[in-house]
Amino acid sequence: MSQLPIVDNALAAEVKQLIQSAKQRAVVAVNAELTLLYWQVGKRIADEVLGGERAEYGKQVIDHLARDLTVAFGKGWNKKQLHHCLRFAETFPEPEIVSALRRQLSWTHFKNLIYLDNSVKREFYLAMAVQERWSTRTLADRIDKQLFERTAISRKPEETIIREIALLREQGLVNENLILKDPYILDFLDLNDSYLEKNLEDAILRELQQFILELGSGFSFVARQYRIQIDEDDFYIDLLFYNRKLKRLVAIDLKIDNFKAEYKGQMELYLRWLAKYEQEADENPPLGIILCAGKKQEQIELLELDSAGIHVAEYLTTLPPKAVLEQRLHQAIINAKRRLDHKGDESDE
């Protein structure tokens with residue numbers, strides 16, 4: 001009896017990869033077609049009810065249509081699903097945009113986006129989800145933890161936000177306003193009520209992966225307690241990172257108390273040393289982040305830290321109730337825009 005040939009391991013691995021790749025492409029193709037279908041259904045319902053002008057008639061249309069479709073195709077076409085479709089078509093009225101995005105984002109991505117109450121916020125999450133290839137779980141988590149409101153971009157005038165999001169979406173260009181946050185949420189560190197700066201640093205290193213995720217896209221860890229020598233004096237940068245999207249070193253100084261004015265000089269010294277001795281020819285100037293337990297905004301403005309490449313932010317070791325965080329961030333955005341308006345009025349004079 002002849003012996004069966006032995007299948008080469010490399011051949012088996014290659015065929016498995018071909019099958020897996022084909023399955024993934026099929027999933028993407030099916031998702032893209034379903035997403036387009038849901039938009040088309042929503043658009044047809046929207047046309048039927050005249051953009052919501054006949055609300056009672058629209059409710060009856062959806063009720064009857066849901067019953068008919070459920071009989072024909074099963075429970076996946078209930079009233080809730082039809083409302084999702086309608087909202088989808090109303091939120092994204094241009095078919096060209098849906099056609100361009102349906103192979104990059106799943107239907108679940110879109111369901112997270114269409115119920116956001118602000119179009120600028122939605123554009124931010126849409127662009128970030130595409131550029132960073134966020135999973136649906138990651139997108140939901142970022143929205144739940146108020147990522148947009150915590151980024152520096154949310155404190156800018158609306159026209160600036162729109163312009164920077166457009167650059168991100170169209171050219172993949174990222175600047176620090178899209179990455180830097182305030183506050184940073186470090187609830188994953190599991191710190192006690194009382195701790196030292198070393199405890200904070202140790203906890204960050206222990207949960208480095210989570211900390212990098214909270215920092216944002218493009219960060220890679222370089223060193224802790226990075227030693228620099230100036231004259232005969234030694235100084236130590238608590239944490240040193242590199243951000244490949246910004247193409248710059250990022251020095252992080254950890255403080256367990258409120259921000260103090262003298263912290264500016266310390267960070268400026270670090271940044272100038274890094275610029276002189278560590279910055280490569282094709283890199284941008286180093287950036288500094290001072291993480292504090294608290295801060296007073298007017299002091300920071302008077303010190304003009306932004307122009308020095310220094311970002312001061314609070315960190316939270318426990319996540320406050322969502323309503324409290326929303327209120328706090330909303331007020332911070334209002335205050336920041338008032339300050340910008342005030343500066344604009346002064347320049348007009």
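Residues are numbered from 1 along each chain as its sequence is written, and side-chain values use heavy atoms, with hydrogens and water left out. Since the model is predicted, local features need pLDDT of at least 70 and side-chain atom pairs count only at pLDDT 80 or more, while totals for chains, interfaces and linings use all residues.

Me: In what order do the 6 strands of the open sheet run?
Reply: Strands here are DSSP E runs of at least two residues, and helices are H or I runs of at least four, numbered from the N terminus. Two strands pair if DSSP finds at least two bridges between them. The edge strands, each pairing on one side only, are β1 and β2 (219–230). With mixed pairing, the order is β1-β6-β5-β4-β3-β2.

Me: Which residue of β6 does Ile185 stand opposite?
Reply: Strand β1 (residues 184–185) runs parallel to β6, and 2 bridges join them. The residue in β6 opposite Ile185 is Leu316.

Me: Which residue in β5 is the bridge partner of Asp253?
Reply: Strand β4 (residues 248–254) pairs with β5 in the parallel sense over 5 bridges. The partner of Asp253 in β5 is Ile290.

Me: Why is β6 largely enclosed by the rest of the structure?
Reply: Ile310, Val312, Glu314 and Leu316 point one way from β6, and His311, Ala313 and Tyr315 point the other way. Buried means under 20% relative accessible area, with exposed over 50% and partly exposed in between (1.4 Å probe, protein chains only). β6 is largely enclosed because, of its 7 residues, the number buried is 7.

Me: What is the relative accessible area of Leu316?
Reply: Leu316 sits in strand β6. Its C-alpha atom is 9.7 Å from that of Asp182, 134 residues apart along the chain. Leu316 is buried, with a relative accessible area of 12%.

Me: Which element gives the most to the lining of the largest pocket?
Reply: On a 1 Å grid over the protein atoms alone, a pocket is an open set of points where a 1.4 Å probe fits, with protein on both sides within 12 Å along at least five of seven lines; lining residues have an atom within 4 Å of a point. The largest pocket has 35 lining residues, with Arg155, Lys295, Gln297, Asp306 and Arg339 nearest its centre. Elements that give two or more residues are α13 (297–302), β6 (310–316) and α14 (322–348). With 9 residues, the one that gives the most is α14.

Me: How many residues of the lining of the second largest pocket come from α14?
Reply: This pocket is lined by 19 residues, and the closest to its centre are Asn118, Lys121, Phe148, Glu149 and Ile333. At least two residues each come from α6 (119–132), α8 (147–150), α9 (158–171) and α14. The largest share comes from α14, and the count is 6.

Me: How many disulfides does the count come to?
Reply: Cys85 counts as buried at 0% relative accessibility, and Cys292 also counts as buried at 0%. A disulfide is a pair of cysteine sulfur atoms within 2.5 Å. By this rule, the count is 0.
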